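Please take a moment with the sequence and the model before reading on. We will then walk through the fold together, step by step.

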Amino acid sequence: MILFGKLTKMCVKICKLLGFEAEVICKTLKNKGYIVGLNMMQAGGKSSDLITNSSSKVASWNCVDVLYFADSIGNMDQTEVERILSAIQLAWSGEIGIHAHDNMNRAISNTLHAESIGADFFLVYFPERDYGDEHSIPFFKKLHDSTNIDILIHEMPRRNGLGPGSKQYSVELL
């Protein structure tokens with residue numbers, strides 16, 4: 001398990017992984033002493049071959065510590081999570097993470113399923129719409145009560161639902 005120290009996570013659409021820029025950025029970060037996590041965004045619905053080939057390409061760079069796959073739209077089910085994780089495992093022997101969005105109330109169940117079949121790192125995002133603390137706190141409480149996984153809540157600006165601005169909300173630590 002990698003401890004959070006100088007951890008950086010970069011997100012790249014899976015179709016862009018074969019490009020040169022992602023490799024250069026990851027190698028630069030690794031050379032500066034960072035722990036590098038690469039998130040293959042929009043993995044859902046992509047072919048198993050594309051996911052395996054992309055994972056192999058990232059493995060060949062020898063600089064990524066954790067390879068994440070993202071349920072960017074929040075519509076994956078457990079079958080899709082398992083298919084993608086299996087495709088990654090064909091070419092990647094390092095640690096694997098899932099980045100789950102909760103748009104359809106599946107983030108927690110998908111994350112727990114990913115843990116049961118071999119994922120090591122977990123990012124669960126509450127829907128990006130502004131629901132405020134009265135909805136956020138019960139969501140994270142449910143996550144906390146569902147697993148023994150350590151939870152890190154990263155507080156960040158979220159859209160306020162009224163336009164392009166953002167507003168900070170406090171989220172109590174569980």
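What follows is a short tour, from the overall layout to single residues.

First, some ground rules: this is a predicted model, in which local features need pLDDT of at least 70 and side-chain atom pairs count only at pLDDT 80 or more, while totals for chains, interfaces and linings use all residues. Residues are numbered from 1 along each chain as its sequence is written, and side-chain values use heavy atoms, with hydrogens and water left out.

Let us begin with the whole protein. It has 5 helices and 7 strands; helices (H or I, at least four residues) and strands (E, at least two) are DSSP runs, numbered from the N terminus. Read from that end, the elements follow the order β-α-β-α-β-α-β-α-β-α-β-β. Of the 174 residues, 40% count as buried, a word that here stands for under 20% relative accessible area, with exposed for over 50% and partly exposed for anything in between (1.4 Å probe, protein chains only). Contact means heavy atoms within 4.5 Å. Among contacts between residues at least 6 apart in sequence, 73% join residues at least 24 apart.

Now look at strand β3 (66-71). Strand β4 runs parallel to β3, joined to it by 6 bridges (two strands pair if DSSP finds at least two bridges between them). Here Phe 69 stands opposite Ile 98 of β4. The chain gets from β3 to β4 through α3, in a right-handed β-α-β crossover; with the strands pointing away from the viewer, right-handed means that the path from the first strand over the helix to the second runs clockwise.

Strand β2 is also parallel to β3, with 4 bridges between them. In β3, Phe 69 is the bridge partner of Met 40. The chain passes from β2 to β3 by way of α2, and this β-α-β crossover is right-handed. As 6 of the 7 residues of β2 are buried, this strand is largely enclosed too.

Next comes helix α3, residues 78-89. Its 12 residues reach 16 Å from first C-alpha to last, close to the 16 Å expected at 1.5 Å a residue (the expected span is 1.5 Å times one less than the number of residues). Which residues of α3 are buried? They are Glu 80, Val 81, Ile 84, Leu 85, Ala 87 and Ile 88. These cover an arc of only 160° around the axis, which puts them on the same side of α3; the arc is that of the directions from the helix axis to the C-beta atoms. They pack against β2, α2, β3, β4 and α4.

Helix α2 (residues 48-61) holds Thr 52, which is buried with a relative accessible area of 16%. Beyond its neighbours within four places in sequence, Thr 52 is in contact with Ala 87, Leu 90 and Ala 91.

Our last stop is Trp 92, in the loop between α3 and β4. Is Trp 92 buried or exposed? Trp 92 is buried, with a relative accessible area of 8%. Leaving aside neighbours within four places in sequence, its contacts include Ser 55, Val 58 and Ala 59. Trp 92 and Ala 59 are 33 residues apart in sequence, yet 6.1 Å apart in space, C-alpha to C-alpha.
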